[in-house]
Amino acid sequence: MNSTDLLSTLAHRFGQLYSKLMPIPCLLCGSSSGSDCLCQACREHLPILSHSCPRCASPLQQTALCGHCLNKPPEQDASFSLFRYHSPIDRLIVDLKYHDTLALSRFFAAQMAEQLKERALPQLLIPIPLHPRRLRQRGYNQSLELAKQLAKQLTIPVRHDILMRIKDTPPQASLPFSERKNNMKEAFQINNTDIPAHIALIDDVLTTGHTVNVAAKILRKIGVQNIEVWTIARTIKNDVSP
Ligand SMILES: [Zn+2]
Ligand SMILES: [Zn+2]
């Protein structure tokens with residue numbers, strides 16, 4: 001090991017030790033939050049999505065199928081989102097996506113697992129993949145990190161070598177709603193057809209649903225019967241087709 005490697009290993013070990021011994025400041029208010037990334041007070045004020053459509057997770061006054069799902073149901077059979085995509089969840093998801101705050105994936109997964117563990121769980125988790133070029137740029141796929149943490153918490157396997165992104169599309173959030181459907185056309189490919197009958201697709205936010213719809217369609221084609229979509233947050237826009 002040369003001296004640069006040794007120094008970087010020592011710095012890494014020191015960082016690990018430091019984070020174990022020293023309390024972490026809350027990402028939102030900066031006060032001490034123990035070993036979690038948010039303090040108790042901030043956690044209690046997060047915008048939990050209490051009632052939503054079981055099929056597309058659109059926020060509703062009560063838990064029932066929404067008008068969109070009654071008329072033109074999305075490809076997935078069920079959706080679960082823990083939060084409304086409101087402040088400060090939007091900010092925390094940006095942190096998770098771009099600022100390498102992977103402790104957040106552990107935090108979100110723990111909160112999601114708490115609610116999901118009561119359900120009939122899928123046999124496999126499949127994260128929505130990034131295109132290899134985007135993955136190189138960002139260094140990690142936030143959906144895979146979340147899926148790995150959920151897999152650990154719920155004891156379900158996770159596979160990231162089944163669904164591949166073959167089209168390098170601009171981020172959905174950067175496009176007007178009208179262009180998002182077209183953007184995702186033929187974006188994915190299946191690499192392995194040995195997939196159980198009940199799976200959950202994992203992503204950070206569910207907005208128009210075009211991305212998961214395309215992914216679910218291709219999985220349905222190869223015989224997956226029950227497809228769920230699990231995301232950290234759901235946007236509140238109810239005026240776009242899921
Ligand atoms: Zn706080
Ligand atoms: Zn719905």
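Colleague: What makes Lys148 and Glu145 a salt bridge?

Modeller: In this predicted model, the closest N and O atoms of Lys148 and Glu145 are 3.6 Å apart. A salt bridge requires a side-chain nitrogen of Lys or Arg within 4 Å of a carboxyl oxygen of Asp or Glu, so the pair qualifies. Both residues lie in helix α7 (residues 142-154), three residues apart, about one turn of the helix.

Colleague: Why is Glu145 called buried, and why is Lys148 called partly exposed?

Modeller: Glu145 has a relative accessible area of 15%, and buried means under 20%, so Glu145 is buried. Lys148 has 38%, which falls between the limits of 20% and 50%, and therefore counts as partly exposed.

Colleague: Why is Ala120 called exposed?

Modeller: Exposed means over 50% relative accessible area; Ala120 has 62%, so the term applies. Ala120 is found in the loop between α5 (103-116) and β2 (124-127). Not counting residues up to four places away in sequence, Ala120 touches His198 and Glu228.

Colleague: Why is Thr211 called buried?

Modeller: The relative accessibility of Thr211 is 12%, and the limit for buried is 20%, so Thr211 is buried. Thr211 is found in helix α9 (residues 210-221). Leaving aside neighbours within four places in sequence, the contacts of Thr211 include Ile128, Met184 and Phe188.

Colleague: What makes the arrangement around the zinc ion (ligand 2) tetrahedral?

Modeller: The zinc ion (ligand 2) is coordinated by the SG atoms of Cys53, Cys56, Cys66 and Cys69, at 2.3 Å. The four donor atoms subtend angles of 105 to 117°; a tetrahedral site requires all angles to lie between 85 and 135 degrees, so the arrangement is tetrahedral.

Colleague: Why can Cys53 and Cys69 be said to tie together parts of the chain?

Modeller: Cys53 lies in the loop between α2 (40-44) and α3 (67-71), whereas Cys69 lies in helix α3, so the pair ties together parts that are 16 residues apart in sequence. Both Cys53 and Cys69 are buried.

Technical notes
Residues numbered from 1 in each chain as written. Chains lettered and ligands numbered in written order. Predicted model: local features only at pLDDT ≥ 70, side-chain atom pairs only at ≥ 80, totals over all residues. Heavy atoms only, no water. Helix = DSSP H or I, 4+ residues; strand = E, 2+ residues; numbered from the N terminus. Buried < 20%, exposed > 50% of the residue type's maximum accessible area, 1.4 Å probe, protein only. Contact = heavy atoms within 4.5 Å. Donors = N, O, S within 2.8 Å, 3.2 Å for Na, K, Ca; no water. Tetrahedral: all angles 85-135°; square planar, octahedral: opposite > 155°, others 65-115°.
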